[in-house]
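Please consult the sequence and the model alongside the text.

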Amino acid sequence: MPTTPELCPPTVRCIRCGRKLTSRKSIADGFGRECGRKVRASLVAVEQNYSRMQIVKALDLIAARRIERDHAATVGLFYVVCGSNASKYYATPRGCTCKAAEHGRRCYHLAAVEMLSGAML
Ligand SMILES: [Zn+2]
Ligand SMILES: [Zn+2]
């Protein structure tokens, strides 16, 4: 068995709500049916605020399961993003801890958070 970092396993849980996924299709999507619908619905609004490239990267992030809701967080919504060089960022609807966001830019991590959290805000 390969060991994976605790927060970035190939998940069988819904990326959005953390519920356990059972159907093969849901597992492939990373969302339960209802959550998948909500994420797709929020995409329309998120697309207005980010560039095409950022949207593509945010969707990649979600598809690769490199973003996950942090259920240990007790206040607000926190998402853990696994960066390419094994770095981890913490993103919330208000901000992100990555370099780009530090420099005042809207990073694509935030786009992903907005997609995932859309209907919960
Ligand atoms: Zn869900
Ligand atoms: Zn970021």
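Is R65 buried, exposed or partly exposed? R65 is partly exposed, because 15 other C-beta atoms lie within 10 Å; a residue is buried with 20 or more other C-beta atoms within 10 Å of its own, exposed with 12 or fewer, and partly exposed in between, the C-beta atoms being placed from the backbone. The model is a predicted one, in which local features need pLDDT of at least 70 and side-chain atom pairs count only at pLDDT 80 or more, while totals for chains, interfaces and linings use all residues. Residues are numbered from 1 along each chain as its sequence is written, and chains are lettered from A and ligands numbered from 1 in the order in which they are written.

**Two loop residues**

R65 lies in the loop between α3 and β1; helices (H or I, at least four residues) and strands (E, at least two) are DSSP runs numbered from the N terminus. Most residues other than glycine have a negative phi. The phi of R65, however, is positive, near 60°.

D70 is found in the loop between β1 (67-69) and β2 (79-82). With 16 C-beta neighbours inside 10 Å, D70 counts as partly exposed.

The table lists contacts, leaving out residues up to four places away in sequence; two residues are in contact if their C-beta atoms, placed from the backbone, lie within 7 Å.

| Residue | Residues touched |
|---|---|
| D70 | F78, Y79, V80 |
| I67 | I15, L61, I62, Y79, V81, A112 |

Helix α2 (residues 33-49) packs against helix α5 (residues 108-117) at an angle of about 135°, with the axes 7 Å apart. Axes are lines fitted to C-alpha atoms, for helices over the stretch in contact, and angles run from 0 to 180 degrees between N-to-C directions. The angle therefore makes α2 oblique to α5; under 35 degrees counts as roughly parallel, over 145 as roughly antiparallel, 65 to 115 as roughly perpendicular and the rest as oblique. V39, S42, L43 and V46 of α2 meet A111, E114, M115 and L116 of α5.
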